[in-house]
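Please open the model in your viewer and keep the selection panel at hand. The tour below goes from one selection to the next and says what is there at each stop.

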Amino acid sequence: MVAHAEHIPHRSGLAAFLSRWLLTTNHKEIGSLYLWFAFSMFFVGGALAMGIRLELFMPGIQLIEPAFYNQLVTMHGLIMVFGAVMPAFVGLANWQIPLMIGAPDMALPRLNNFSFWILPFAFGMLLSSFFMEGGAPNFGWTFYAPLSTTYGPDSTDFFIFGVHLMGISSVLGAINIMVTIFNLRTPGMKLMEMPLFVWTWLITAFLLITAIPVLAGAVTMVLTDRHFGTSFFSADGGGDPVMFQHIFWFFGHPEVYIMILPGFGIASQIIPTFARKKLFGYNSMVYATASIAILSYVVWGHHMFTTGMPLAGELFFMFCTMLIAVPTGVKVFNWVATMWRGSMTFETPMLFAIAFVILFTIGGFSGLMLAMVPADFQYHDTYFVVAHFHYVLYPGAIFGTMAAVYYWLPKWSGHMVDEWWGKLHFWTAIVFVNLTFFPMHFSGLAGMPRRIVDYSHQFQDFNLVSSFGAMGLGLTQVLFLFIVIKTIRGGEPATDKVWESAEGLEWTVPSPAPLHTFETPPPWPINETETHEGAA
Amino acid sequence: MRGLCTLLLLIVPQVVFAVDLDMRQGVTAMSQDIHWLHTVMLWVCIVIGVIVFGAMGYTIFAHRRSKHPEPANFHEHLGVEIVWTLIPVIILAVLAYPAAKMLIEIEDNSDAALTVLITGSQWKWHYQYLEHDIGFYSNMSTPREQINSCGGWFLTDTFCDLPDGDSEAGKAERDANEHYLLEVDNPLVLPSNRKVRFLTASNDVIHSWWVPDFAVKQDAIPGFINEAWTNVPETGTYRGQCTELCGKDHAFMPVVVEVRTEDEFDQWVEDQRIAKELASGQAVADREKTWTLAELVSIGEEVYLANCATCHQPNGAGQGSTYPALDGGEIAVGPMAAHIDRVMNGKAGTEMQAWAPQLSDRDIAAVITYERNAWSNQPDDNIVQPLTIFESR
């Protein structure tokens with residue numbers, strides 16, 4: 001490891017740059033690669049969303065033809081889910097998990113390099129489909145058969161290969177994280193002493209390893225239906241298009257939690273730090289996360305209530321889905337109890353974490369409403385659903401990631417974030433995120449189906465507000481890019497501890513964190529006096 | 001602070017009860033029950049939200065460092081944890097009961113007075129009245145000019161080169177059209193106060209038939225038949241849309257249902273029977289007649305614009321490889337037999353559907369003749385008579 005690092009500076013220019021980033025096995029460098037990759041995909045996916053919102057600005061087709069609109073919708077979903085949210089969480093895991101458990105690196109560093117470098121190829125291939133004959137995939141990120149099998153454009157095969165590659169990347173990443181957590185904790189750190197972020201990622205890794213292969217199976221079946229004469233999803237040959245939906249959502253629902261559990265972990269790190277009070281109910285937080293993960297495997301049918309599911313199935317999936325509200329509620333109550341009678345300050349990470357809790361809960365409320373089958377018959381496939389999952393994903397997963405970046409960026413870069421800019425970002429984001437997504441509840445309740453390129457006059461006002469909000473939200477994230485670059489380039493130097501009452505091993509190493517940390521395992525529990533010296 | 005609270009108390013109920021913001025109540029007992037369930041759920045969520053966010057707001061306000069410099073030290077309390085696990089369980093159990101009861105009622109498809117088979121295909125609905133031997137297609141009737149007109153858009157015409165569009169007039173028509181995108185040529189006609197059973201099926205991809213005012217949303221899945229039912233107490237016209245992404249023109253697949261009194265409905269059924277007899281007489285006359293090129297081309301243009309132009313474009317230029325150009329197209333200028341076959345039977349695995357069951361002999365003959373004479377197309381074999389189409393069926 002050391003010899004490797006010394007060897008590199010002898011090269012110069014592009015070769016050095018390439019060999020450093022292409023061949024790196026360092027968890028911090030790979031973490032940065034993941035985060036920058038996710039950030040760039042976030043802007044690509046965001047640009048597609050801008051196209052969608054521009055077209056929906058008013059009734060009529062102005063800019064984007066229906067066939068291309070469907071491609072935008074599909075690619076926006078795929079890129080945001082697989083290209084932005086998931087790699088961002090893996091990037092955070094790469095940077096933070098070794099630092100938080102006192103490990104020198106990830107357990108499988110070469111595998112780590114491989115998992116990352118698959119991604120640019122997977123997404124390069126997926127994005128290149130925009131330039132192919134017949135255009136990019138146009139069947140929605142859920143790629144329901146037979147729209148994706150018999151009727152899919154030629155680029156569907158590139159999409160399938162791309163999904164396989166992303167899947168391999170995710171599974172390898174998850175294995176690495178799991179092995180690291182199980183084997184490389186500093187001696188003495190018990191599982192039930194791990195920081196919540198590590199816990200939620202451990203559970204997420206289990207979800208990834210079990211859910212992604214199901215997705216791989218689904219795309220493979222689509223591939224063989226398309227080219228090798230099978231009829232898994234075609235009634236003509238004895239198959240069943242609804243079976244596709246069962247398989248897809250058996251992956252898809254755990255996937256939803258893959259995209260939110262690390263966010264729960266982040267909120268559980270940040271809120272105690274700025275409340276200056278230990279996390280309330282650590283054990284119940286862990287159990288609640290595990291319950292959510294387990295329940296996520298028995299609720300997939302709630303995406304399919306209108307497919308003609310038998311009554312018994314509808315009742316089963318309704319009850320199981322409602323049950324998820326219980327552990328989720330426990331988490332929210334615990335966060336509030338953590339804040340209760342603390343001594344709070346509201347730096348940017350705390351603001352994002354609080355917004356995460358509130359707005360995610362709003363998404364949770366609409367989720368509970370969607371669970372009620374009779375009501376779901378009215379909500380299903382309308383903008384109410386679009387509002388619901390964007391509330392869970394944008395102020396949930398993405399605000400969670402932003403909170404994490406604001407929280408740990410001083411540790412990564414050695415510079416404090418300029419609070420004025422951070423707060424400006426927060427307040428603009430919070431205004432625009434609600435302006436974009438809240439009116440979607442109303443357009444959905446009024447009867448606007450999702451994934452439509454044009455709509456009747458009754459939905460005009462809400463769409464105008466949503467589109468206006470979306471443009472602002474897009475600009476806001478350019479501000480985020482500016483803040484991140486500004487902080488990396490300079491700013492007030494960060495102390496080792498960064499935040500006055502931050503707890504955990506990551507705050508015992510210098511800021512910026514040197515390339516190699518914890519080459520010898522740190523003592524556990526943390527020696528408090530030593531830490532304070534470091535901070536001073 | 002108190003002023004703000006009063007203001008919120010005044011505004012919030014107004015907003016919540018404003019019709020525009022709420023789920024549509026609909027006209028059937030089922031849709032009103034569902035609206036009730038929705039309202040109950042909404043209020044449960046609002047109350048929980050007010051309590052949780054209220055506690056959070058209070059702590060944010062009262063336990064800031066400037067007001068509360070010394071943090072408390074508690075971080076565990078089993079009793080509290082049990083309470084806030086059990087309370088949600090109880091609330092959920094209470095909510096689950098009416099939902100389950102309602103669901104059982106919704107799924108009871110028995111004892112229907114009338115059964116309609118609804119078949120989706122890209123991008124239209126077909127309605128078949130199983131008891132009455134009546135069947136017809138229902139296409140969106142909003143003209144393309146209204147959809148594709150950009151007038152008034154701030155990016156103006158520079159970015160707006162969609163065929164058929166570009167006009168202020170089109171935009172004005174769109175703005176004046178109260179039922180823009182939600183109007184069809186042949187609505188589904190139903191009797192009021194009778195239990196009607198819907199069977200849904202599909203010819204190609206998955207569609208979903210939805211009328212919000214009935215609270216009926218049922219997927220139409222190729223190879224399978226689903227069931228739903230309604231009983232509409234009030235006459236009137238009800239509008240909905242396809243809600244499952246079904247390809248390019250998913251947005252242009254409206255559902256319009258006209259509910260009439262039972263007597264009016266029975267009369268309509270009789271009218272349909274007479275119309276069908278007349279049409280079959282007309283069809284015989286059409287195929288016995290030898291049509292001139294001009295006659296067929298003029299009918300064919302109308303048929304083309306109504307059915308073909310959405311993909312192949314009014315100018316026959318098509319859209320990429322998915323929707324091939326007909327202007328100079330291999331089939332449009334190739335042998336007549338292949339052209340007839342493609343129009344009548346479609347191309348499997350593509351959005352080119354079989355038109356034989358959808359159009360009359362005359363219309364198929366006309367559209368083929370039109371395609372072979374329009375734009376730059378000038379094949380030798382440029383006219384086909386309805387009789388030939390009849391014989392090819």
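A residue is called buried here when its relative accessible area is under 20% and exposed when that area is over 50%, with partly exposed in between. Keep in mind throughout that this is a predicted model.

**Helix α5 of chain B**

Begin by selecting residues 168-176 of chain B, which form helix α5, and colour Gly170(B), Lys171(B) and Arg174(B), the buried residues of this helix. When you look down the axis of α5(B), these buried residues fall within an arc of 100°, so they line one face of the helix. Turn to the other side of α5(B), where Glu168(B) and Ala176(B) are exposed.

**Strands β5 and β8 of chain B**

Next, select residues 226-230 of chain B, strand β8, where four of the five residues are buried, so the strand is largely enclosed by the rest of the structure. Show strand β5 (residues 196-202) of chain B together with β8(B), and you will find the two running antiparallel and joined by five bridges. To see one of the pairings, pick Thr200(B), whose bridge partner in β8(B) is Asn226(B).

Now select Arg194(B) and Glu262(B), whose side chains meet in a salt bridge with an N to O distance of 2.8 Å. Glu262(B) belongs to helix α6 (residues 262-288) of chain B and Arg194(B) to the loop between β4 (188-191) and β5 of chain B, so the pair ties together parts that are 68 residues apart in sequence. The two partners can be compared by their accessibility: Glu262(B), at 33%, counts as partly exposed, whereas Arg194(B), at 17%, counts as buried.

Move to Glu81(B), which lies in helix α3 (residues 78-106) of chain B.

Colour chain A by its domain assignment, which gives domain 1 (23-247), domain 2 (260-494) and domain 3 (495-536). The contact between domain 1 and domain 2 of chain A takes 51 residues from domain 1 and 55 residues from domain 2, and the centres of these two domains, taken over C-alpha atoms, are separated by 19 Å.

Within chain A, select Asp418(A) and Lys486(A), which form a salt bridge whose closest N and O atoms are 3.7 Å apart. Asp418(A) lies in the loop between α14 (383-413) and α15 (419-446) of chain A and Lys486(A) in helix α16 (residues 460-489) of chain A, so this pair, too, ties together parts that are 68 residues apart in sequence.

Finish with Lys423(A) and Glu419(A), whose side chains meet in a salt bridge at 3.4 Å, N to O. Both lie in helix α15 of chain A, four residues apart, about one turn of the helix.

How values were computed: Residues numbered from 1 in each chain as written. Chains lettered and ligands numbered in written order. Predicted model: local features only at pLDDT ≥ 70, side-chain atom pairs only at ≥ 80, totals over all residues. Heavy atoms only, no water. Buried < 20%, exposed > 50% of the residue type's maximum accessible area, 1.4 Å probe, protein only. Arc of directions from axis to C-beta. Pairing = 2+ DSSP bridges. Domains from an automatic or database assignment. Contact = heavy atoms within 4.5 Å. Salt bridge = Lys/Arg side-chain N within 4 Å of Asp/Glu carboxyl O.
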